[in-house]
Amino acid sequence: MRKKNKDSIFKIAAFIILLFYGCFSNAQNLDIKLLRSINLGGKQSYDPTFKVISNSASPISIATPIIIYSIGLLNKDETLQKKGIFIGESFLVNAFITVALKNTIKRDRPFVTYPDIEKESDGGSYSFPSGHTSEAFSTATSLSIAFPKWYVIVPSYLWAGAVGYSRMDIGVHYPSDVLAGAIVGSGSAYLTYKLNKWINKKKQKKIFFDGKKE
């Protein structure tokens with residue numbers, strides 16, 4: 001009886017492993033197929049433009065909170081200063097989570113595994129998730145929370161989406177890297193927003209930006 005139970009457990013475990021492997025293999029095939037259509041199927045004349053967009057992620061993400069905070073400081077606007085700090089906090093939380101995931105998962109860049117992928121950049125560290133994409137979406141989401149107006153939200157997410165697409169166009173990330181980067185970046189900003197609200201509630205004083213009016 002026990003032997004039959006053990007055999008059944010072994011068969012179920014084997015089935016689950018095979019099912020997982022099959023799903024992973026299919027997902028990986030879809031990932032590289034989509035990447036090839038973007039990287040190899042697009043017009044090469046657009047590559048320099050996408051490279052500029054890709055390289056804009058870090059400078060804009062770093063400059064945005066500094067500029068907003070500086071304007072608030074010059075105008076003696078505490079709310080604007082807090083918004084600048086919030087966007088900077090989101091950037092740092094995102095950086096921590098992204099680096100932790102990269103060094104835990106350690107996924108190789110697509111051009112390492114698939115030599116036919118045309119790379120326009122060395123890409124830096126590991127592939128998953130996309131750091132440029134997570135930076136851009138962290139900035140777009142925190143900006144949208146801080147300034148919930150359509151003329152802020154729409155351009156912010158269009159830019160973030162363009163950054164994500166550019167990382168595939170220049171051959172340094174899989175689509176799944178970019179999708180994960182968008183989720184991590186947006187999630188980091190939202191997590192920071194929720195943490196700020198929790199800290200303000202605990203302190204009984206509005207120390208950080210939490211979306212509420214002063």
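1. Where is the place of Ser186? Look in helix 8. Bear in mind as you go through these notes that this is a predicted model. Ser186 touches Phe137, Ser138 and Thr141, leaving aside residues up to four places away in sequence. Ser186 and Ala140 are also worth a look: their C-alpha atoms are 7.8 Å apart in space, while 46 residues separate them in sequence.

2. Now for the salt bridges. The structure has three of them. Take Arg107 and Asp31 to begin with: their closest N and O atoms are 3.0 Å apart. This pair links distant parts of the chain, with Arg107 in the loop between helix 4 (78-105) and helix 5 (110-113) and Asp31 in helix 1 (residues 2-39), 76 residues apart. Both Asp31 and Arg107 are buried.

3. Arg107 turns up again, this time with Asp177. Their side chains meet in a salt bridge, 2.7 Å from N to O. Asp177 sits in helix 8 (residues 175-203) and Arg107 in the loop between helix 4 and helix 5, so this pair ties together parts that are 70 residues apart in sequence. Through shared partners, salt bridges join Asp31, Arg107 and Asp177 into one network.

4. What about Asp116 and Arg36? Their side chains meet in a salt bridge too, at 2.8 Å from N to O. Here again distant parts of the chain are linked: Asp116 is in the loop between helix 5 and helix 6 (131-146), Arg36 is in helix 1, and the two are 80 residues apart. Asp116 is partly exposed, because its relative accessible area is 35%, which falls between the 20% limit for buried and the 50% limit for exposed. Arg36 counts as partly exposed as well, at 30% relative accessibility.

5. Next, the aromatic rings. A search of the whole structure turns up five aromatic pairs. One of them is Tyr114 with Tyr174, an edge-to-face pair with 6.4 Å between the centres and 85° between the planes. Tyr114 is in the loop between helix 5 and helix 6, and Tyr174 is in the loop between helix 7 and helix 8, so the pair links distant parts of the chain, 60 residues apart. Tyr114 is buried, with a relative accessible area of 18%, and Tyr174 counts as buried at 1%.

6. Phe137 and Tyr157 form a tilted pair, 6.1 Å centre to centre, with 55° between the planes. Phe137 belongs to helix 6 and Tyr157 to helix 7, 20 residues apart, and this pair also links distant parts of the chain.

7. The charged end of Lys119 sits over the ring of Phe111, 4.7 Å from the ring's centre.

8. Finally, the surface. Which residues form a nonpolar patch there? They are Trp150, Tyr151, Ile153, Val154 and Leu158, and together they have about 570 Å² of accessible area. Trp150 lies in helix 7 (residues 150-169). Trp150 counts as exposed because its relative accessibility is 65%, and exposed means over 50%.

Methods:
Residues are numbered from 1 along each chain as its sequence is written. Side-chain values use heavy atoms; hydrogens and water are left out. A salt bridge is a side-chain nitrogen of Lys or Arg within 4 Å of a carboxyl oxygen of Asp or Glu. Helices (H or I, at least four residues) and strands (E, at least two) are DSSP runs, numbered from the N terminus. Buried means under 20% relative accessible area, exposed over 50%, partly exposed in between (1.4 Å probe, protein chains only). Patches are made of residues with over 30% relative accessible area and no salt bridge: like charges are joined within 9 Å, nonpolar side chains (Val, Leu, Ile, Met, Phe, Trp, Tyr) within 5 Å. Accessible areas come from the Shrake-Rupley method with a 1.4 Å probe; for residues, only the protein chains shown count as cover. Contact means heavy atoms within 4.5 Å. Rings of Phe, Tyr and Trp (its six-membered ring) pair if their centres lie within 6.5 Å; planes under 30 degrees apart count as stacked, over 60 as edge-to-face and the rest as tilted. A charge sits over a ring if NZ of Lys or CZ of Arg is within 6 Å of the ring centre and within 35 degrees of the ring normal.
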